[in-house]
Amino acid sequence: MAYINSYYHFVFRTKANLRVLDTDTTPRLYKYICGISENSGCRVIAINGMPDHIHIAAELSAEMSPSEYMREVKSRSSRWMAENHLFYGFQGWGKSYFASTFSKKDIDKVISYISNQQEHHRRKSFAEELAEFFDLAGLSDKLQYFISDN
């Protein structure tokens with residue numbers, strides 16, 4: 001048996017960066033994503049976002065890779081959103097996602113960051129936030145692909 005702690009901070013965006021995730025219905029979406037995670041043996045630690053993107057801090061099971069997790073979350077939530085007609089203009093998720101690991105000792109800091117997205121984005125745009133993430137992860141040369149990936 002494997003004993004692994006696997007904490008990830010994921011960021012993914014709407015297709016074409018459409019600002020369609022309204023604050024009235026996102027709690028239902030977040031609850032649905034939490035259910036997807038639980039059914040996959042994973043645990044959402046924090047989830048929040050803005051009209052064009054979502055942040056998730058999650059603990060993945062030993063059997064789940066980050067790419068499998070994102071495939072499940074994005075495909076199932078996209079289908080659910082289309083079936084329930086909750087987000088007018090939603091065309092799907094962008095193809096890419098950003099993921100970075102974090103340690104157990106940083107959980108409170110990551111939860112705070114994700115929980116305070118609305119306040120954070122009063123001072124910094126999504127593009128600036130992404131540039132910072134990609135730079136810290138040593139992926140600055142990949143940012144253009146994430147942004148233009150519809």
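## Annotation and basis of the model

UniProt positions are given here in the numbering of this structure, with feature names shortened, and such annotations may be inferred rather than shown by experiment. With that caution, an unreviewed UniProt entry places the feature "domain: Transposase IS200-like" at residues 3-117. The end C-alpha atoms of residues 3-117 lie 32 Å apart, and the span is 37% helix and 23% strand, where helices (H or I, at least four residues) and strands (E, at least two) are DSSP runs numbered from the N terminus.

The model is predicted, and local features need pLDDT of at least 70, side-chain atom pairs count only at pLDDT 80 or more, and totals for chains, interfaces and linings use all residues. Residues are numbered from 1 along each chain as its sequence is written, and side-chain values use heavy atoms, with hydrogens and water left out.

## The sheet and its helices

Four strands form an open sheet in the order S2-S3-S1-S4, with antiparallel pairing; strands pair if DSSP finds at least two bridges between them. Strand S2 (43-50) and strand S4 (98-101) are the edge strands, each pairing on one side only, and the twist averages 15° from one strand to the next. S1 and S4 pair in the antiparallel sense over four bridges, and His9 stands opposite Ser100 in S4.

Helix H1 (residues 26-39) lies across S1, S2 and strand S3 (53-59), running at about 150° to S2. Helix H5 (residues 126-136) packs on the sheet and touches S1, S3 and S4, its direction making about 145° with that of S1. Contact means heavy atoms within 4.5 Å, while axes are lines fitted to C-alpha atoms, for helices over the stretch in contact, with angles running from 0 to 180 degrees between N-to-C directions.

## Aromatic pairs

The structure holds 11 aromatic pairs, counted for rings of Phe, Tyr and Trp (its six-membered ring) with centres within 6.5 Å, planes under 30 degrees apart being stacked, over 60 edge-to-face and the rest tilted. Tyr8 and Phe10 form a stacked pair, 5.6 Å centre to centre with 25° between the planes. The rings of Phe10 and Tyr69 have centres 5.1 Å apart and planes at 35°, so this pair is tilted. Because Phe10 lies in strand S1 (residues 7-13) and Tyr69 in helix H2 (residues 66-84), the pair ties together parts that are 59 residues apart in sequence. Tyr8 and Phe10 are buried, as is Tyr69 (under 20% relative accessible area, with exposed over 50% and partly exposed in between; 1.4 Å probe, protein chains only).

Phe98, Tyr113, Phe133, Phe134 and Phe146 form one aromatic cluster. Arg13 lies over the face of Phe146, at 5.7 Å from the ring centre, a charge being over a ring if NZ of Lys or CZ of Arg is within 6 Å of the ring centre and within 35 degrees of the ring normal.
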